[in-house]
Amino acid sequence: MNISYIYELPFYRKQEGGVGHLLGGWEFAGIIYAYAGLPLTATGGLRRDPAGLGLLDPNSFAGRRPNQVANPNAGAPHTFDQWFITSAYVNVPNAAGPPGNSRRGAVRGPGAQRWDVSL
């Protein structure tokens, strides 16, 4: 979302002379940018390709997807140490089997805001 604004300051706007030229005619303007968080994908700690399904790239450090048992965003603490609810995910068993059921982008990352202001 983007919002832009301009506000002409009413002080000394119609004043003549040096005071009017120095203090009058100012305006306050800016642009606000607000971004929602990026979608993040949770991965498990096990680097294993169950049953040779081709889930992992051998050149990547990504683990396979865990099972999602709850909503990781609902009631999340949103702190630096823990952004989402980690107990919403459970690693799949060690034995070869199907991959986890968590979807890509299930965790919503932190948003960002930027305020540009001018006088």
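Me: Under 20% relative accessible area a residue counts as buried, over 50% as exposed, and in between as partly exposed. In this predicted model, is Tyr-89 buried or exposed?
Reply: The relative accessible area of Tyr-89 is 12%.

Me: How is the ring pair of Phe-84 and Tyr-89 classed?
Reply: A pair of aromatic rings is described by the distance of the centres and the angle of the planes. The ring centres of Phe-84 and Tyr-89 lie 6.1 Å apart, and the planes meet at 85°. Planes over 60 degrees apart fall in one class, so this pair is edge-to-face.

Me: Which accessibility class does Phe-84 fall in?
Reply: Phe-84 has a relative accessible area of 24%. The middle class runs between the 20% and 50% cut-offs. Phe-84 is therefore partly exposed.

Me: How many aromatic pairs are there, by the rule on ring centres?
Reply: Rings pair if their centres lie within 6.5 Å. The count of aromatic pairs by this rule is three.

Me: What is the class of the pair formed by the rings of Tyr-5 and Phe-28?
Reply: The centres of these two rings are 6.0 Å apart, with the planes at 40°. Stacked needs under 30 degrees and edge-to-face over 60. The pair of Tyr-5 and Phe-28 is therefore tilted.

Me: Which strands does the pair of Tyr-5 and Phe-28 link?
Reply: The two residues are 23 residues apart and belong to distant parts of the chain. Tyr-5 is partly exposed at 25% relative accessible area, and Phe-28 is partly exposed at 34%. Tyr-5 lies in strand β1 and Phe-28 in strand β2.

Me: How many bridges join β1 and β2?
Reply: Strand β2 covers residues 27-35 and pairs with β1 in the antiparallel sense. Within this pairing, Glu-8 stands opposite Glu-27 of β2. The number of bridges is seven.

Methods: Residues are numbered from 1 along each chain as its sequence is written. This is a predicted model: local features need pLDDT of at least 70, side-chain atom pairs count only at pLDDT 80 or more; totals for chains, interfaces and linings use all residues. Side-chain values use heavy atoms; hydrogens and water are left out. Two strands pair if DSSP finds at least two bridges between them. Helices (H or I, at least four residues) and strands (E, at least two) are DSSP runs, numbered from the N terminus. Buried means under 20% relative accessible area, exposed over 50%, partly exposed in between (1.4 Å probe, protein chains only).
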